[in-house]
Amino acid sequence: AQLAQRNVERSGLSDRVKIINGDIFKEDFSQATVVTMYLLPELNLSLRPTILKMKPGTRVTSHAFDMGDWEADIEIDGPARAFYWVVPAQVEGVWTITGLERDKTILKLSQHFQKIGGTLQIGSEQQTILNPRLDGATLSFTYLDRDKSPNHVRMILKNNELEGTYKGKFYTEIAITGKRL
């Protein structure tokens, strides 16, 4: 840890990198934006709840071992095995979306870590969202409007509200917001 800290200082990164030599179950690393682990599988699983409470978008890497049913965003096999995750925002639930369509719009999302799915209800019409993706705090998906034209939605979770835009058939970006019901 001392050698690593000296290397950080020599590189001029002291304002951006902090080396902590301590008990990972006692130290507060909740403000970290990058977590690198070289732990046994049981320890990875024990740390998983703490990591999932970190700020969405926090990047996590692990050498050799995964985190159980939390599938890695990227898995590297080679001479050494590595896993990479981005901490997902908690978006599961029912949202009312304003600005998407003239009728009342309800977005229902299910979530298993970064894997999401759901439905969009516009007035009385309901459809499955297409190509859903959750990358940190950024939610994106496609839906079909009344004319069956694809509309691309991109929203970011901020302070428990969704803010973003959608692009329709004319590729004009229109601002939208979402509130949790």
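**Entry 1: cores.** I began with the nonpolar cores, a core being a set of buried Ala, Val, Leu, Ile, Met, Phe, Trp, Tyr and Cys residues joined through side-chain atoms within 4.5 Å. The largest has 22 residues, and those with the most contacts inside it are Leu 100, Leu 107, Leu 120, Leu 139, Phe 141, Tyr 143 and Val 153. At least two residues of this core come from each of β5 (93-98), β6 (105-112), β7 (115-122), β10 (138-144), β11 (150-158) and β12 (161-167). I also noted a second, separate core of 14 residues, with Val 35, Met 37, Val 60 and Trp 70 among them. In soluble globular proteins, nonpolar side chains tend to be buried together.

**Entry 2: conventions.** I am working from a predicted model, in which local features need pLDDT of at least 70, side-chain atom pairs count only at pLDDT 80 or more, and totals for chains, interfaces and linings use all residues. Residues are numbered from 1 along each chain as its sequence is written, and side-chain values use heavy atoms, with hydrogens and water left out.

**Entry 3: Leu 100.** I listed the contacts of Leu 100 (contact: heavy atoms within 4.5 Å). Apart from neighbours within four places in sequence, Leu 100 is in contact with Thr 105, Leu 120, Tyr 143, Val 153, Tyr 166 and Ile 176.

**Entry 4: overall form.** I counted two helices and 13 strands in the protein; these are DSSP runs numbered from the N terminus, helices being H or I of at least four residues and strands E of at least two. The radius of gyration, taken over C-alpha atoms, was set against a globule rule of 2.2 Å times the number of residues to the power 0.38. The protein has 20 Å, while a compact globule of 181 residues would have a value near 16 Å. I found that the C-alpha trace spans about 60 × 35 × 30 Å along its principal axes. Of the protein's contacts with a separation of 6 or more, 32% are between residues 24 or more positions apart.

**Entry 5: burial.** Buried residues are 33% of the 181 residues.

Entry 6: I looked up Asn 44 in helix α2 (residues 41-52). Asn 44 counts as buried because its relative accessible area is 0%. Not counting residues up to four places away in sequence, Asn 44 touches Met 37, Leu 39, Ser 62, Phe 65, Asp 66 and Met 67. Tyr 38 lies in the loop between β1 and α2. Its relative accessible area is 63%, so Tyr 38 is exposed. I get 7.4 Å between the C-alpha atoms of Tyr 38 and Ala 64, which are 26 residues apart along the chain.

**Entry 7: positive phi.** I noted Lys 148, in the loop between β10 and β11, with phi near 65°, a positive value in a residue other than glycine. Lys 148 counts as exposed because its relative accessibility is 62%. Asn 160, in the loop between β11 and β12, is not a glycine either and has a positive phi of about 65°. Its relative accessibility is 44%, so Asn 160 counts as partly exposed.

**Entry 8: Ser 11.** I placed Ser 11 in the loop between α1 (2-10) and β1 (34-37). Ser 11 counts as exposed because its relative accessibility is 52%.

Notes
Buried < 20%, exposed > 50% of the residue type's maximum accessible area, 1.4 Å probe, protein only.
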